[in-house]
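Please consult the sequence and model shown here alongside the text.

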Amino acid sequence: ILDRMDTFADKVLDLFEAIHPLDRVARAGYVLRGVAEPENVAAHSHSVSLMTLLFVDEYPDHFDRDKALTMALIHDLSEARLMDIPMPAADAHLKQAKNDAEQGIIEELFAEFDHRYAHYHQELLDAATPEARLIRGLDKAQMMVKIWMYQREQRGRLHEFWLNPKNFNDFGVEPVNRLFDAICERAGISRPR
């Protein structure tokens with residue numbers, strides 16, 4: 001059992017060595033709009049995971065808890081190598097290439113672990129399951145919560161985020177739709193449709 005534990009421990013250490021940069025990868029959309037010391041990818045992933053926990057506990061009959069939390073925890077790990085590519089550039093020039101690169105990186109990172117991690121990540125990219133759609137929607141919602149917070153602190157030029165309907169994509173998940181409405185109400189801004 002000792003050899004098996006050492007091998008597993010080495011795999012864990014290899015993974016954490018690979019994802020170590022995430023706390024230094026700033027969210028690029030904020031940097032481009034003048035937010036000093038913006039949220040990093042690790043903090044973003046933590047917030048999305050916390051939101052996911054709250055949503056799966058509130059709606060236990062709608063989502064597989066393990067799958068949703070796993071997706072939330074791993075959803076941006078590839079950015080340790082790929083960095084954070086802002087949505088407008090990614091959508092306009094890199095969409096499929098970015099998805100392929102992210103999936104390839106996840107497959108490499110988790111090659112020595114259970115294959116479900118890579119499978120769940122592909123489901124997430126495809127928005128193929130209720131859990132994937134929840135995480136995709138919460139990923140956007142968390143971003144808009146940060147926009148609201150940064151604007152309250154008068155950090156950056158962020159008004160354009162409120163004008164883009166893609167930033168409010170709930171992926172057909174009604175509780176996420178209601179969260180977007182609440183964010184806009186708190187911010188005092190009409191939600192774009």
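## Largest pocket

Helix α6 gives the largest share of the lining of the largest pocket, namely 8 residues. Residues are numbered from 1 along each chain as its sequence is written, and side-chain values use heavy atoms, with hydrogens and water left out. The model is predicted: local features need pLDDT of at least 70, side-chain atom pairs count only at pLDDT 80 or more, and totals for chains, interfaces and linings use all residues. Helices (H or I, at least four residues) and strands (E, at least two) are DSSP runs, numbered from the N terminus.

The volume of the largest pocket is about 840 Å³. Its lining comprises 34 residues, of which Ile-85, Met-87, Lys-98, Asp-139 and Lys-140 are the closest to the centre. Two or more lining residues come from each of α2 (28-32), α6 (87-109), α7 (116-126) and α8 (130-152). By class, the lining of the largest pocket holds 14 charged, 13 nonpolar and 7 polar residues. Here Ala, Val, Leu, Ile, Met, Phe, Trp, Tyr, Cys and Pro count as nonpolar, Asp, Glu, Lys and Arg as charged, and the others, Gly among them, as polar.

On a 1 Å grid over the protein atoms alone, a pocket is an open set of points where a 1.4 Å probe fits, with protein on both sides within 12 Å along at least five of seven lines; lining residues have an atom within 4 Å of a point. Grid points are joined across faces, edges and corners, and a volume is the space filled by probe spheres set on the points.

## Second largest pocket

The second largest pocket has a volume of about 340 Å³. Among its 15 lining residues, those closest to the centre are Phe-16, Ile-19, Leu-73, Ile-74 and Leu-77. Helices α1 (2-19), α3 (41-58) and α4 (65-74) each supply at least two residues of this lining, and the largest share, 4 residues, belongs to α3. The lining of the second largest pocket has no charged residues; 11 are nonpolar and 4 polar.

## Overall fold

The protein chain has 9 helices and 0 strands. Its C-alpha trace spans about 60 × 40 × 30 Å along the principal axes. The radius of gyration, taken over C-alpha atoms, is compared with a globule rule of 2.2 Å times the number of residues to the power 0.38. For 193 residues a compact globule would have a radius of gyration near 16 Å, and the 17 Å of the protein chain agrees with this.

Of the 193 residues, 46% count as buried; buried means under 20% relative accessible area, exposed over 50%, and partly exposed in between (1.4 Å probe, protein chains only). Of the contacts (heavy atoms within 4.5 Å) with a separation of 6 or more, 67% are between residues 24 or more positions apart.

Gln-142 lies in helix α8 and is buried, because its relative accessible area is 2%. Leaving out residues up to four places away in sequence, Gln-142 touches Arg-27, Glu-39, His-44, Ser-47, Val-48 and Met-51. Although Gln-142 and Met-51 are 91 residues apart in sequence, their C-alpha atoms are 7.9 Å apart in space.

In α7, the buried residues include Tyr-117, Tyr-120, His-121 and Glu-123. Just after α7, Ala-127 adopts a positive phi of about 50°.

## Positive phi in two loops

Met-83, which is not a glycine, has a positive phi of about 70°. This residue is in the loop between α5 (79-82) and α6, and Met-83 counts as partly exposed because its relative accessibility is 43%. Phe-171, also not a glycine, has a positive phi of about 55°. The loop between α8 and α9 holds Phe-171, which is buried at a relative accessible area of 17%.

## Arg-191

Arg-191 is found in the segment after α9 (174-187). With a relative accessible area of 13%, Arg-191 is buried. Beyond its neighbours within four places in sequence, Arg-191 is in contact with Phe-168, Asp-170, Asn-177, Phe-180, Asp-181 and Cys-184.

The side chain of Arg-191 makes polar contacts with the side chains of Asn-177, at 2.7 Å, and Asp-181, at 2.9 Å. A polar contact is a pair of N or O atoms within 3.5 Å; within protein, one must be able to donate a hydrogen and the other to accept it, and residues adjacent in sequence count only if both atoms are side-chain atoms.
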